[in-house]
Amino acid sequence: MRFTSIRQKASLSIFAISLVAFFMVGIGWQSMRVSEASLSEFESETLPEISTSLTLAEGVAQLAAIAPYTAGSGRPFQLQTESERIHRRILELRGVADSLADSVFQRDIDERLDDLQTTLEELVALVREELYLREDSLAQQFRIRQLPLNEDNAATVNSQQGLVWLLQLLESPSLVPESILNNLKLSEQNEQVASIADDLLMAHRRLNQIQERKNYLLISIRAKSEQLSKQVSDFVGGLQKKVSRQRQEVSSFVDRGQNWIIGISVFLLLGLTRLYWYSQRMTKDLGVVTNNMEQLSLGRVDSKHTGIRRNDEIGTLADTFEVFRRDALRRLEVTAELSEQKRLLETIFDNMNDGLSVFSAKGTLVAWNSGYQKLFDLLDDDLSVGMSIDEVQNLINRGQHKNLNLENQQVHMEEVNVSRHLRFQRFERHFDSGKIIEFRSKPMPEGGFVTLYTDLTERKSVESQLRQAQKMEMLGQLTGGVAHDFNNLLAAIMGNLQMLSDSRPQTSDQARYIERALVVSEKSSNLVQRLLAFSRRQQLFPVPIAIDDLIEGMLDLVEYSVGSHIIVESELQCPGVVSLIDPSQLENALLNLSLNSASAMPDGGRLAFSTKLCTLPDSDVPAIRIRVEDSGEGISEEVIGRIFEPFFTTKPVGKGSGLGLSMIYGFVKQSGGEIKVTSEKGKWTRVCLFLPQQISPIDLVERDNDTQQQTIFLPEHSLVWLVEDDEEVCRVMREQLEKMGFMVQSFECAEAVMRGLSKAMVPDAIVSDVNLSGAMSGVELAHNIRLQSHSFTGPILLMSGLPKDELKQKYQLKDEDLFIPKPFTIKELSRLFQIKY
């Protein structure tokens with residue numbers, strides 16, 4: 001096949017078409033001269049006028065739309081913004097009107113804009129006056145609040161008058177103020193009341209007038225806007241007619257030239273058909289080659305062989321591209337693999353939360369990430385590739401610190417720097433500021449090492465708080481359990497001592513010894529209550545109390561307790577703020593803190609009480625912060641972590657029980673609050689109690705049933721079943737009840753009582769401990785007896801060494817259940833059980 005150049009084929013086709021096209025250009029050129037002149041006149045005279053007129057109409061419509069927003073402005077700054085916005089619109093519209101070519105139409109537009117601007121300025125003035133009147137009403141509110149309340153002169157409004165006013169608010173609200181003024185005779189009151197009433201009535205009347213005028217102005221603005229838009233529409237319509245005439249003149253000339261163009265177009269169409277067929281074949285082959293090249297440039301390796309067989313330049317291009325394609329595909333595959341690995345490594349390197357640095361075998365800096373700079377507060381200019389390790393460590397060693405290994409032993413950086421090149425190294429850097437950074441270095445196969453830096457500050461802090469919380473929770477559970485068991489022991493001890501005290505004959509020494517033992521038992525009972533306070537199991541009696549009033553009321557007691565050598569100050573900033581707490585427990589807590597502060601200031605000092613509104617730590621719950629601050633000896637860091645532990649004290653043996661702060665800790669936690677203690681050794685100590693703030697009123701349950709037990713009347717020689725699994729307590733309780741004149745039968749578990757009720761004689765009363773050795777508790781025993789159809793209908797008294805609130809939560813004790821807490825005296829038992837004669 002003979003080689004034919006594409007250039008020759010294309011040149012011949014283009015030459016033939018060019019001749020035809022040249023002739024058509026001549027005809028078209030003449031036509032375009034006429035059309036151009038007509039269109040130039042059209043563009044220079046008509047289109048700018050139409051565009052300007054439409055812009056003017058649109059601007060006026062927008063200006064009318066702004067007016068309602070201006071009239072509804074509720075703040076001075078909003079009115080100022082809307083006023084400036086209107087002024088800018090007016091200036092813009094005047095600028096547009098000035099560009100109109102029609103001077104008559106322009107003057108008419110300027111007059112209408114002047115009228116519209118005057119109306120808008122009046123509207124702005126009215127809104128500004130309205131805002132001033134409403135701001136004056138705020139001052140009237142202050143004057144009204146300052147009026148003294150005089151119940152003798154207070155006006156009475158009956159229900160009918162109130163309903164009439166409500167009806168007038170619906171039908172004619174503008175008449176309500178005058179009606180109230182006349183009916184309540186405010187003008188006849190004292191001079192201050194009459195003055196305020198007259199001022200408010202005048203303001204109300206003026207506001208009504210302003211509102212009516214504003215409504216009129218808004219309607220006027222809308223009407224003027226519509227008139228101006230209609231005038232612009234008429235003007236635009238006239239211009240459109242002019243455009244239509246111009247278009248007809250151009251169309252008549254074009255029709256004459258169409259006949260010539262049609263004939264030439266037929267000849268041109270035949271040539272184009274031939275050129276189109278050839279170009280289609282050529283562009284198809286070129287498109288195949290181009291598409292494959294494009295796919296290859298985008299990195300797509302799924303392109304196929306072109307399959308083109310031609311004897312021209314396109315054929316040569318296709319053969320050459322095929323060789324290039326095979327080579328490029330291989331390179332793309334290799335490049336894609338390398339790019340993917342690089343992108344993955346860069347993503348990991350730059351987005352790591354931890355810091356990372358790489359040092360060469362010579363000890364020079366090779367690479368680092370942004371996390372490394374953030375951890376050590378380094379700027380971009382501080383680091384550069386090639387810096388020695390000594391220079392880098394001088395930058396990151398700023399600030400006092402110590403380096404510790406996992407065994408909390410001191411490590412030396414000189415030894416670490418040498419070992420990093422040989423084996424894995426791990427240690428922690430503890431800064432005096434509290435920041436902790438972990439270093440993990442690993443040698444690289446080609447020499448040098450990589451170090452990963454992790455900020456452990458937050459994790460270490462959380463771990464420390466968790467350990468402290470777990471320790472306090474474990475101590476609370478331990479002390480709560482000990483208190484419960486100790487109450488059982490005290491019940492037996494106090495019962496035996498009371499019966500021994502009532503026995504006769506006694507020597508004076510015996511009576512004195514028994515009295516001493518009873519006093520010690522009573523102190524032991526108080527000690528148990530303190531343990532229950534720490535374990536948050538004591539019974540509280542919360543009431544809404546104003547914290548500032550409570551503190552202010554006990555300042556005299558505090559001054560007396562701490563002594564005259566200590567200055568007591570107060571800064572109470574929460575007047576009237578209420579918290580739902582047990583006031584007696586709060587008073588004991590504040591008094592305990594005061595006495596501790598006095599012990600820390602033997603030579604005198606300052607003791608300050610302050611209150612402040614805040615939120616609970618790590619929460620958004622509204623709270624009251626009570627701060628007790630002294631200028632005493634302070635608390636060391638070693639001691640401050642243990643101050644809430646029961647029985648921990650820094651006082652000499654016998655000078656303190658170590659339960660004061662433990663009780664405060666338990667009371668605050670049980671009340672839903674938090675306690676924080678900070679101190680600086682030798683300078684001051686600050687204790688902050690955070691108590692929840694009572695936002696809304698609540699209904700309090702009367703606690704009379706908790707403090708006053710119901711009296712149980714039984715016949716003489718009644719049969720009482722005693723359910724107690726502790727042998728010593730059972731023996732004492734049995735003897736106490738028998739001494740009171742009852743017959744007693746004892747049981748060790750509730751299951752035995754249930755069996756006895758179905759077989760034996762029915763008792764007159766049952767006394768049961770809550771914690772029993774069987775599967776059923778005393779509370780379950782009482783409830784099952786009430787639910788089942790037994791012949792027993794007498795009283796069931798429950799007793800326990802646990803607080804009543806805990807029994808309600810753990811054993812579902814009800815308020816109507818008879819209950820007496822352990823330990824109790826025989827006198828309390830005698831008041832509860834009485835013989836009915």
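## Strands S5 and S6

Ile 437 stands opposite Asp 455 in S6. This pair belongs to a predicted model. Strand S6 spans residues 449-455 and is joined to S5 by seven bridges. The two strands run antiparallel.

A hairpin links S5 and S6, with five residues between the strands. Gly 447 in this hairpin takes a positive phi near 110 degrees.

## Strands S4 and S5

S5 also pairs with strand S4. S4 covers residues 425-431, and S5 covers residues 436-443. Their pairing is antiparallel and runs over six bridges. Phe 427 has Phe 439 in S5 as its bridge partner.

This pair forms a hairpin too, with four residues between the strands. Here Gly 434 has a positive phi, near 105 degrees.

Strands of a sheet pair through backbone hydrogen bonds, in either a parallel or an antiparallel way.

Strand S10 takes in residues 605-615, and strand S11 takes in residues 622-630. Nine bridges join S10 and S11, which run antiparallel. One of the bridge pairs sets Thr 615 against Pro 622 in S11.

## Ser 718

Ser 718 sits in a loop between two strands, S14 (712-715) and S15 (719-723). Is Ser 718 buried or exposed? Its relative accessible area is 2%. Buried means under 20%, so Ser 718 counts as buried.

What does Ser 718 touch, leaving out residues up to four places away in sequence? Its contacts are Gly 741, Phe 742, Met 743 and Asp 764. Ser 718 also has a polar side-chain atom that lies 2.3 Å from the backbone oxygen of Pro 715.

Definitions and conventions. Residues are numbered from 1 along each chain as its sequence is written. This is a predicted model: local features need pLDDT of at least 70, side-chain atom pairs count only at pLDDT 80 or more; totals for chains, interfaces and linings use all residues. Side-chain values use heavy atoms; hydrogens and water are left out. Two strands pair if DSSP finds at least two bridges between them. Buried means under 20% relative accessible area, exposed over 50%, partly exposed in between (1.4 Å probe, protein chains only). A polar contact is a pair of N or O atoms within 3.5 Å; within protein, one must be able to donate a hydrogen and the other to accept it, and residues adjacent in sequence count only if both atoms are side-chain atoms. Contact means heavy atoms within 4.5 Å.
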